[in-house]
Amino acid sequence: MRPLLILSQVYGQIRQDDKALATIERAIRVAETNKPQMSIGDWAHLLNQQGLILLALKQLARAEQVLKRAKDLRFDTSGIDNKDYAVSLNNLALGYLHWGQTMKAEPLLREAIAIGELLGRPSDPDLATWRDNLAAVYGQRGQYAEAAKLRERALEIYEQTIGLAHPDT
């Protein structure tokens, strides 16, 4: 199953989203035959990947359903003080951001940021990404000063951790 997950990620990176979806759905079918051996965290990881692919394909309603399920599984297994749960919050928020539903995206991103800060990782690149995504929420609302503050902090984190030459900076 893991090779299928990795292959779906590769297809996603090269923007072959239809192949990525077919591959992750194949991985899910394989996992379903091995349910007793699968951890809940592994299920959440598969669903999270499927949800991100569905977002890329603009299958928004289905993506929301899958990403909510992944978030709930991660909460059930790890609780709130867990980076994987924060990642799931961010991914669901991305869907809402794509749909222009900033009122739904904002609290999810604020919670992800709070978890990242609580875990004592102020220089985590994921935390920078979550701040950047929250800045996009504010930007969509025309709250540019607030967006600029968040983007500046995200840039500081990126500069400290991955450098300005990295494609995400």
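1. A nonpolar core is taken here as a set of buried Ala, Val, Leu, Ile, Met, Phe, Trp, Tyr and Cys residues joined through side-chain atoms within 4.5 Å. In this predicted model, the largest such core has 44 residues, of which Ile24, Trp43, Leu46 and Leu134 touch the most other members.

2. The elements that each contribute two or more residues to this core are the helices α1 (2-13), α2 (17-33), α3 (40-56), α4 (60-78), α5 (83-98), α6 (102-118), α7 (125-141) and α8 (144-161). In soluble globular proteins, nonpolar side chains tend to be buried together.

3. Trp43 deserves a separate look. When residues up to four places away in sequence are set aside, Trp43 touches Ile28, Ala31, Glu32, Lys35, Met38 and Leu73.

4. The count of aromatic pairs comes to two. One of them joins Phe75 and Tyr85 in a tilted arrangement, with 5.4 Å from centre to centre and 55° between the planes. This pair links distant parts of the chain, since Phe75 lies in helix α4 and Tyr85, ten residues apart from it, in helix α5.

5. Tyr96 and Trp99 form an edge-to-face aromatic pair, with 5.2 Å from centre to centre and 70° between the planes, and both Tyr96 and Trp99 are buried.

Technical notes. Residues numbered from 1 in each chain as written. Predicted model: local features only at pLDDT ≥ 70, side-chain atom pairs only at ≥ 80, totals over all residues. Heavy atoms only, no water. Buried < 20%, exposed > 50% of the residue type's maximum accessible area, 1.4 Å probe, protein only. Helix = DSSP H or I, 4+ residues; strand = E, 2+ residues; numbered from the N terminus. Contact = heavy atoms within 4.5 Å. Phe/Tyr/Trp six-rings, centres within 6.5 Å; stacked < 30°, edge-to-face > 60°.
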